Amino acid sequence: MGGEYADAAARMSAEHLRAKQFYEAGRFDEAARECRTLLARDPHDSEANHLMGLVFYRQGQSQAALPFLQRAVASGRASARAFSNLGAVLSELGDLDQAISAYHRAIDLDPANPWPLNNLGVLYRTRGKTDAAIDALRRALSIKPDLADAQVNLRLVYSTIVPQWHFAMLNDSARNDAYEAAIRRAVPGKRVLEIGTGAGLLAMMAARAGAAIVDSCEAVGVIAREAASIVARNGFADRIKIIPKHSTGIVVGRDMAARADILITETFSSNLLDEAILPAVEHAHRHLLTDRATLIPRAASAMGFLIGGEAVGGMLSAGRIKGFDLSSFNEFAPPRLVVPLDGVAFAALSPDVELLRFDLTETEFRMGGHEVALPVTGTGLCYGVAQWIRLDLDDAVQYSNRPGGPGGGSHWPNIIYRFPMPLIVSAGETLRVFARHDRAEINVNLLAP
Ligand SMILES: C[S@@+](CC[C@H](N)C(=O)[O-])C[C@H]1O[C@@H](n2cnc3c(N)ncnc32)[C@H](O)[C@@H]1O
């Protein structure tokens, strides 16, 4: 609970003070007895109801505490602490909306107390209201910068909008170099749109390479605001405009002056499509780009090979372990496993093949798929198809996170599309898989021989 019983001394009789002393000494039965005497005299006694509610709350009886705290705040003289404590009880009972209202009342009555703001931030985070959570927690820290709870809670909220991989991504020098090489060749004198600003790295690469103007959009408001200040700090505020919007909400003439000649985007997940890149690119072609716009990257592919190796089997299935047969547990094994394969002793049992290719200069992407033949080049147990991504930044530059390849150490993990059962394969045969996408995710399934 973010606050304790208020010492509203002016309103307290000797019995009130005695009850308070018992409560503070942890002598809850005696505190309750004093409160009952007070409430028998006046059932609306705000302080006695508040204290009685706290006695129950401290004994783990939130349901019993609730009516007392509700009566405590019903009087026009209720303290901020009574509202704050009501908020704590309501949130413990799972009534988050009412708890949020109670904390707001506590904050109105005592705006200098950081605790109700901290607790409000936690509830907004639970509710998924990220901007409101950040606002409340930042306000708590502006009152008490060293409030450790609020510091941790704020960082937990940030981690929901800026996942851990974002930092590995920013430091992925192979990715950064590939983008910068293509950006340098394409952008001088051009009007650029970037979808997905993040910290502003690619937008600043474009501005530094001589783009006439860079419009860069970021769907997450807090990230967009931070990117705008990073851009200003690095001296590019005159050439880069951060648009704090999802790309599909941008209107030319309002958010950006004119259609862009170049689209830069790095909104790829490890299976390419999770960040809804296809609808965003379709929308950009229709509404935000000139007819012959250049796209960086111009194409993105899901690549794959048949995978085997004991270490891989250990990640994907269970068999005899410690002398027990656990094989039926394989029923629950996921069809797709996200795993960084660099550093894993895998065996490639086929050549690399292109499973699916997305030419981003096209204006429409239909869901669908096709059969892919994988010639087997090794002998052993095959567990499925390993997948990585390849980005064709332009005619000259490619980036790939092929496991064990030159992009080794990529921040993008790989994916294994796991066969229902491991297969024994021999060099010379061919396996057939079906690779398909529904515009949001990719799947690869084994076809019957
Ligand atoms: C993978 S990060 C890349 C950040 C930056 N471009 C870089 O390469 O360092 C993608 C960012 O784009 C944002 N984003 C993804 N799709 C978007 C869209 N269609 N419109 C606006 N922002 C988007 C996400 O919120 C995230 O911050």
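## Overall form

Of the 449 residues in the protein chain, 49% are buried, where buried means under 20% relative accessible area, exposed means over 50%, and partly exposed lies in between (1.4 Å probe, protein chains only). This is a predicted model, in which local features need pLDDT of at least 70 and side-chain atom pairs count only at pLDDT 80 or more, while totals for chains, interfaces and linings use all residues. Residues are numbered from 1 along each chain as its sequence is written, and side-chain values use heavy atoms, with hydrogens and water left out.

The protein chain has a radius of gyration of 30 Å, whereas a compact globule of 449 residues would have one near 22 Å; the radius is taken over C-alpha atoms, and the globule rule is 2.2 Å times the number of residues to the power 0.38. Along the principal axes, the C-alpha atoms fill a box of roughly 90 × 70 × 35 Å. Among contacts with a separation of 6 or more, 69% join residues 24 or more positions apart, a contact being heavy atoms within 4.5 Å.

## Secondary structure and strand pairing

The protein chain contains 15 helices and 17 strands, which are DSSP runs numbered from the N terminus (helices H or I, at least four residues; strands E, at least two). Strand 15 (residues 414-425) pairs in the antiparallel sense with strand 9 (residues 336-339) over four bridges, and L337 stands opposite I416 of strand 15. Strand 15 also runs antiparallel to strand 13 (residues 380-392), to which seven bridges join it; here G384 has R418 as its bridge partner. Two strands count as paired if DSSP finds at least two bridges between them.

Helix 14 (residues 277-287) is largely enclosed by the rest of the structure, because eight of its eleven residues are buried. These are I277, L278, A280, V281, E282, H283, A284 and H285, and their cover includes strand 1 (191-195), strand 4 (260-265), strand 5 (289-296), strand 11 (353-359) and strand 16 (430-437).

Most residues other than glycine have a negative phi, and most peptide bonds are trans. In the loop between strand 4 and helix 14, L272 has a positive phi near 70° and is buried at 0% relative accessibility. A276, in the loop between strand 4 and helix 14, has a positive phi of about 60° but is partly exposed at 36% relative accessibility. The peptide bond from I296 to P297 is cis, with omega near 0°, and P297 is found in the loop between strand 5 and strand 6.

## Aromatic and charged contacts

The structure holds six aromatic pairs, defined by ring centres of Phe, Tyr and Trp (its six-membered ring) within 6.5 Å, with planes under 30 degrees apart counted as stacked, over 60 as edge-to-face and the rest as tilted. One of them is the stacked pair of F305 and F346, at 5.5 Å centre to centre and 25° between the planes. This pair links distant parts of the chain, 41 residues apart, with F305 in strand 6 (residues 299-308) and F346 in the loop between strand 9 and strand 10 (347-348). F305 is buried at a relative accessible area of 0%, whereas F346 is partly exposed at 24%.

F305 and F346 form one aromatic cluster with W388. The charged end of R402 sits over the ring of W388, 5.3 Å from its centre, and the charged end of R105 sits over the ring of F83, 4.7 Å from its centre; the criterion is NZ of Lys or CZ of Arg within 6 Å of the ring centre and within 35 degrees of the ring normal.
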